[in-house]
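Please open the structure in your viewer and keep the selection tool at hand.

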Amino acid sequence: MDLTPFKPFFDQLDRTALAAWRSALEAAVLARLGPGAHGDLPQWEAALTELPDLPESTAVLDASCVGLRGADPLSEAMEAQLRETLMRLHPWRKGPFCLRGLHLDTEWRSDWKWDRLAESLTPLKDRLVLDVGCGNGYHAWRMLGEGARLVMGIDPTLLYVVQFQAINRYLGRDCLSVLPLGIEDLPKGITGFDTVFSMGVFYHRRSPMDHLLELGRLLRPGGELVLETLVLEGDGERVLVPPGRYASMRNVWFIPTLEALEVWLARCGFVGVRVADVTRTSREEQRSTDWMRFQSLPDHLDSEDPDRTIEGLPAPTRAILIARRG
Ligand SMILES: Nc1ncnc2c1ncn2[C@@H]1O[C@H](C[S@+](CC[C@H]([NH3+])C(=O)[O-])CC(=O)[O-])[C@@H](O)[C@H]1O
């Protein structure tokens with residue numbers, strides 16, 4: 001992969017007075033796409049080129065199922081070709097997406113998370129937004145659907161970048177992209193976002209305060225942070241550091257209580273901290289489907305005690321906190 005799929009977004013940066021970001025972002029993206037970026041990339045790129053053209057349709061960004069609506073159903077042959085080609089980008093974790101009747105029933109009901117946070121956000125209309133760890137861009141599309149001016153999604157997992165490109169082949173939006181970058185790859189001069197989302201990323205970072213400070217630096221003063229992460233239920237300032245895996249995940253480093261999280265945010269320069277939601281992740285929200293055939297949450301919970309993971313740790317509960325850069 002070269003810079004071609006990202007060009008419309010970079011051109012858009014030029015048009016929105018963010019031209020100064022372009023060369024540094026291009027260099028960062030190219031560094032990630034170098035030789036050996038991912039052994040399966042050529043196959044994924046081949047799938048992209050074999051996606052069928054679909055009849056004229058209307059893009060839907062502001063509904064649970066992001067995608068394309070049209071008057072008539074697709075022909076059976078065309079739907080089969082679309083399904084088979086998109087399946088070559090398995091596993092589809094974030095969604096759902098609906099393309100002219102083809103329903104990509106993804107591992108996560110990401111729309112449920114969106115529903116839990118949307119009411120609490122400062123409206124996104126005309127805002128410059130960054131979504132850190134955006135996966136295939138499902139929530140980023142919802143942000144655009146709320147009227148954001150420009151949404152930059154970043155995610156270091158190349159398959160999710162390619163999944164974004166597959167969906168955007170049909171939705172054709174230039175003011176949104178998923179760049180193959182981790183937060184640590186963002187060039188220094190990038191800052192000034194009105195809203196920054198970090199959802200499902202915090203507990204994967206080894207250094208919690210550094211992540212919060214980085215998120216703060218990306219915002220303009222007064223800009224809004226939306227932080228979604230695993231929390232420990234109960235009172236007091238406590239932190240669980242899993243001794244090994246957590247719900248089978250190797251890279252979960254810390255799970256704080258809400259009280260601890262609020263103190264961390266304040267120490268890192270955030271003000272007006274609000275808890276928008278606290279929800280135990282259910283077996284209905286994260287599960288295996290046709291589009292994600294590997295194991296999922298129900299396999300990682302204790303079959304006899306729904307309050308515990310298979311490691312005997314508290315089952316996943318996630319909180320959404322909203323705060324402003326002071
Ligand atoms: N250093 C990093 N920088 C940026 N992203 C990273 C990094 N490391 C991993 N990721 C990415 O962070 C995402 C975490 S999933 C959340 C998706 C979405 N936000 C959601 O809220 O559904 C977790 C979950 O399932 O909740 C993955 O796509 C990683 O590739």
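Select strand E1 (58–60) and strand E2 (residues 66–69), which run antiparallel and are joined by three bridges. Strands such as these (E, at least two residues) and helices (H or I, at least four residues) are DSSP runs, numbered from the N terminus. Two strands pair if DSSP finds at least two bridges between them. Within this pair, Val60 stands opposite Gly67 in E2.

The model is predicted, so that local features need pLDDT of at least 70 and side-chain atom pairs count only at pLDDT 80 or more, while totals for chains, interfaces and linings use all residues. Residues are numbered from 1 along each chain as its sequence is written, and side-chain values use heavy atoms, with hydrogens and water left out.

**The sheet**

Four strands form an open sheet in the order E1-E2-E3-E4, with mixed pairing. E1 and strand E4 (102–104) are the edge strands, each pairing on one side only. On average, neighbouring strands of this sheet are turned by 20 degrees against each other, direction ignored.

**Helices on the sheet**

Select helix H4 (residues 76–87), which lies across strand E3 (97–99) and E4 and runs at about 15 degrees to E4. Angles run from 0 to 180 degrees between N-to-C directions, and axes are lines fitted to C-alpha atoms, for helices over the stretch in contact. Next, select helix H7 (residues 158–171), which packs on the sheet and touches E1, E2 and E3. The direction of H7 makes about 35 degrees with that of E2. Contact means heavy atoms within 4.5 Å.

**A pair of helices**

Show the side chains of Leu41, Trp44 and Leu48 in H3, which meet Leu158, Leu159, Val162, Gln165 and Ala166 in H7.

**Pockets**

On a 1 Å grid over the protein atoms alone, a pocket is an open set of points with protein on both sides within 12 Å along at least five of seven lines, whereas a cavity is a set where a 1.4 Å probe fits but cannot get out; lining residues have an atom within 4 Å of a point. Grid points are joined across faces, edges and corners, and a volume is the space filled by probe spheres set on the points.

Select Gly200, Tyr203, His204, Met249 and Asn251, which lie nearest the centre of the largest pocket among its 47 lining residues. This pocket holds about 1,200 Å³ of space. Helix H8 (208–218) is one of the elements that give two or more residues to the lining; H8 gives the most, with three residues.

The second largest pocket holds about 330 Å³ of space. Of its 18 lining residues, Thr4, Pro5, Phe6, Leu48 and Gln165 are the closest to its centre. H7 supplies the largest share of this lining, four residues.

**The cavity**

Finally, select Lys94, Trp108, Arg109, Ser110, Lys113, His139 and Glu285, which line the largest cavity. The space in this cavity is about 30 Å³.
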